Amino acid sequence: MRQHVNPLSRFFQLPLELPAPQELFEHPNLPIHLDIGCARGFFLLELAALQPERNHLGVEIRRPLVLAAQRDRDRQQQHNLHFLFCNANISLEAWMAALPPDQLQLVSIQFPDPWFKQRHRKRRVLQPALLHAIASALHPGRHLFLQSDVLAVIEPMVALVELSNCFARPKGDQRPWRTSNPLPVATERERYVHEQGQPAYRVLFERTDAALPALRDLEMAWQQVDNSKDIAPTPHG
Ligand SMILES: C[S@@+](CC[C@H](N)C(=O)[O-])C[C@H]1O[C@@H](n2cnc3c(N)ncnc32)[C@H](O)[C@@H]1O
């Protein structure tokens, strides 16, 4: 099994200025789908071809994967698709904040690296600051889609989203997990999980019109929830 990149290592802490939509897409005003942790990009290469009415941006911390995905994108001349190398926790916030209102319409985080040990929790991709930036960029009715095959990974993500109080599940969605994928293409990890006969835990969240809490308040509330887990570490912790 591959070693995950440690997003906290010094090299990945350097902020990168990500290009604006005008530099990424042929039709820069189309709505944007952002896929965080897109790996080799096969999911977005297929999805972008199916959904020309949207621009799709994949961000990934492993640069060789981004270069390979971007080469495929160039070869296939998919002008509504782009891949960028970055640490989502460092460089996405400013990029999302600079987007025109309501251009970001969907954010997906699918099968994020399974940092399920409590002592590695700061390496998890969905941290209060990233969630806050996503919630701030998404207008009411726009979506955040999460899925994982590891309960110890997805449960804290769901808890954090719920703690923000500005997302709800669409009416009629099953709880605690959606049985179907709202997206028409499966990711690489999703296909593997499916082939192994293992479950995928999915939640679609819709931005409500609730006011966003201050980041500091969300961080403090999250710290309390997260620290309380130190008392009872998981059997793997
Ligand atoms: C387990 S893979 C899943 C890939 C893909 N989403 C899928 O479902 O097949 C998680 C991906 O997220 C990337 N990743 C982890 N932390 C990241 C970060 N802070 N910023 C950007 N990408 C990250 C990893 O390098 C890895 O490629």
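Tutor: Gladly! Keep in mind that this is a predicted model. Let's start with Leu144: leaving aside neighbours within four places in sequence, Leu144 is in contact with Val107, Ile134, Leu138, Val161, Phe167 and Phe205.

Student: Which residues touch the most other members of the largest nonpolar core?

Tutor: They are Val59, Leu92, Val107, Ile134 and Leu144, in a core of 47 residues. Helix 5, residues 128-137, gives the most to this core, with six residues.

Student: Pro128 is in helix 5 too. Why is Pro128 called buried?

Tutor: Buried takes 20 or more other C-beta atoms within 10 Å. Pro128 has 21, so Pro128 is buried.

Student: What does Pro128 touch, apart from residues up to four places away in sequence?

Tutor: Leu160, Leu215, Leu218, Glu219 and Trp222. Pro128 and Leu160 are 32 residues apart in sequence, yet 7.2 Å apart in space, C-alpha to C-alpha.

Student: And the ligand: how many residues surround it, and which are the closest?

Tutor: There are 21, and the closest are Gly37, Ala39, Ala88, Thr187 and Arg189. Strand 2 (55-60), helix 4 (88-97) and helix 7 (188-195) are the elements giving two or more residues to that shell. Helix 7 gives the most, with three residues.

Student: What is the make-up of the shell around the ligand by class?

Tutor: The shell has ten nonpolar, five polar and six charged residues.

Key
Residues numbered from 1 in each chain as written. Predicted model: local features only at pLDDT ≥ 70, side-chain atom pairs only at ≥ 80, totals over all residues. Core = buried A, V, L, I, M, F, W, Y, C linked by C-beta atoms within 7 Å. Buried ≥ 20, exposed ≤ 12 C-beta atoms within 10 Å, placed from the backbone. Helix = DSSP H or I, 4+ residues; strand = E, 2+ residues; numbered from the N terminus. Contact = placed C-beta atoms within 7 Å. Near = placed C-beta within 6 Å. Nonpolar A, V, L, I, M, F, W, Y, C, P; charged D, E, K, R; others polar.
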